[in-house]
Amino acid sequence: MTARLLLDGLLALLLLWLAWRTLREPDLFQAGVHPRTKISELDQEAIETLFHAMKDVLREAIEHQAQPERLPDAFIVPHRHDEGRCPRCGAALETVRVSSRTSYFCPNCQPKEDG
Ligand SMILES: [Zn+2]
């Protein structure tokens, strides 16, 4: 019984971690947060915006069976390539390495707060 609960808890954590790894980039874009921003740098309002963005992105990803090319054009995912442009403002997307992964972001819509 206890082992079973522990296993469920671990599974939930694993799923959450996987969702964060794969959906982090579109979440941050939807919330207008720079990829290098630490959670500790976000205020309450930004955390709530990010939380709602995560829910929206997760719902869209499930609806479109997590296939990037089927995600709405307003998402950053279909624009992740060398010539990619921001679906919101049209600026050229930039890349940054975060935790050994390349993240695309818009320098206008996702400014780094402390420069
Ligand atoms: Zn933009």
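The following dialogue discusses how to read a predicted model of one protein chain.

Visitor: On what basis are residues numbered, and which confidence limits apply to this predicted model?

Guide: Residues are numbered from 1 along each chain as its sequence is written. Because the model is predicted, local features need pLDDT of at least 70 and side-chain atom pairs count only at pLDDT 80 or more, while totals for chains, interfaces and linings use all residues.

Visitor: What is the mean pLDDT of the protein chain, and where is confidence lowest?

Guide: pLDDT is the predictor's confidence in each residue, from 0 to 100. Where pLDDT is low, the predicted coordinates should not be read in detail. Here the chain has a mean of 83, and 88% of its residues reach 70 or more. Confidence is lowest in α1, at a mean of 76, and highest in strand β1 (residues 94-98), at 92.

Visitor: In what order do the elements run?

Guide: Helices (H or I, at least four residues) and strands (E, at least two) are DSSP runs, numbered from the N terminus. In this chain the order is α-α-β-β.

Visitor: Which residues of the largest nonpolar core touch the most other members?

Guide: In soluble globular proteins, nonpolar side chains tend to be buried together. A residue is buried if 20 or more other C-beta atoms lie within 10 Å of its own, exposed if 12 or fewer, and partly exposed in between, with C-beta atoms placed from the backbone. A nonpolar core is a set of buried Ala, Val, Leu, Ile, Met, Phe, Trp, Tyr and Cys residues joined through C-beta atoms within 7 Å. Of the 13 residues in the largest core, Leu28, Phe29, Ile76, Leu93, Phe105 and Cys106 touch the most other members. Two or more residues come from each of α1 (2-31) and β2 (101-105), and α1 gives the largest share, three residues.

Visitor: Which residues of α2 are buried, and how are they placed around the axis?

Guide: The buried residues of α2 are Leu50, Val57 and Ala61. They cover an arc (taken from the directions from the helix axis to the C-beta atoms) of only 35°, which puts them on the same side of α2. On the other side, exposed residues include Gln44, Glu48, Lys55 and Arg59.

Visitor: Is Phe51 buried or exposed?

Guide: Phe51, which lies in helix α2 (residues 44-63), counts as exposed because it has 12 C-beta neighbours inside 10 Å. Phe51 and Asp27 are 24 residues apart in sequence and 8.4 Å apart in space, C-alpha to C-alpha.
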